[in-house]
Amino acid sequence: MRKLSLVLSICFLALLVSSASAQQIYGEYIESRNADIYTGHCFAMSEVNLMGDQAIVGWHVSKGEWNGVKLDGLGVVGVAKASGTLGNPYENPFPAKAVLIVDEKATAAQREALKAFAQEMGGELLKNVIRTESAPITLDLEFTGEHPSGGKLQAGEIASVIARSLTDKDKICGHEQTYYPPLTPTTHTMPTAASLDQFKGEGLGVTWTLREKRSAFVGHFAK
């Protein structure tokens, strides 16, 4: 019995070590799109095929590496223009065109690693990168207790997201829910409202400035 207990303990310890080593990179995350993600069914359906084809996603690496390259303290942002409403389960919104913005503090090797990381996390959303920019990137989250409740992303003069907590004034129909999940893998996110969602760059054939949509997520990622 003691031998069995010892074997089980060793196996459990090995599992923990394996899990920790597999989680090689982690940090903060923010996203916004041009469709409400916290909404009621009727509002969501009214935006399908009319809205939701544009998105900004951003990561700040607290600690970790990608492809053997350390990325501590660096950020990367993806801006995408899809072919349809992102998250729509009934139609394929891809292909999408994307612009990547990598942290200007990154070395050449780190820029390549940041690009590879963002494309792995973004999947089809960031598969077709048609332009890569370099800019100062900051991402700061706000918290209410242990839950992220807001944040600000700034990627030079190219892309910006300012997210705030949802309030009772954001409940329009009374049946709101988190209608769409985040566009990329996350560990813990909360829906928020985007006081500002802005893209002023080149490459997508469109720029935008959106305000006060229930369209953002803030939280954390780990991979």
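Buried here means under 20% relative accessible area. By that cut-off, 46% of the 223 residues in this predicted model are buried.

**Whole chain.** Start with a cartoon view. Three helices and 14 strands make up the secondary-structure elements to find. Now switch to the surface. The accessible area is about 11,200 Å², and carbon and sulfur atoms account for 55% of it.

**Largest nonpolar core.** Select W59, L71, V76, F117, L126 and F221. Within this core of 27 residues, these six touch the most other members.

Zoom in on F117. Which residues does F117 touch, leaving aside those up to four places away in sequence? Show I25, W59, W66, V76 and F221 to see them.

**Second core.** Move on to L153, I158, V161 and A163. They are among the 22 residues of a second, separate core.

**Cavity.** Finish with a search of the whole structure for cavities of 30 Å³ or more, which finds one. The largest cavity has a volume of about 30 Å³. Select its lining: N49, G84, T85, N88, E91, N92 and P93. How do the lining residues divide into nonpolar, polar and charged? Five are polar, one is nonpolar and one is charged.

Key
Residues numbered from 1 in each chain as written. Predicted model: local features only at pLDDT ≥ 70, side-chain atom pairs only at ≥ 80, totals over all residues. Heavy atoms only, no water. Helix = DSSP H or I, 4+ residues; strand = E, 2+ residues; numbered from the N terminus. Buried < 20%, exposed > 50% of the residue type's maximum accessible area, 1.4 Å probe, protein only. Areas by Shrake-Rupley, 256 points an atom, 1.4 Å probe, with all protein chains shown as cover. 1 Å grid on protein atoms, 1.4 Å probe; cavity = no way out; pocket = protein on both sides within 12 Å on 5 of 7 lines; lining within 4 Å. Points joined across faces, edges and corners; volume = space filled by probe spheres on them. Nonpolar A, V, L, I, M, F, W, Y, C, P; charged D, E, K, R; others polar. Core = buried A, V, L, I, M, F, W, Y, C linked by side-chain atoms within 4.5 Å. Contact = heavy atoms within 4.5 Å.
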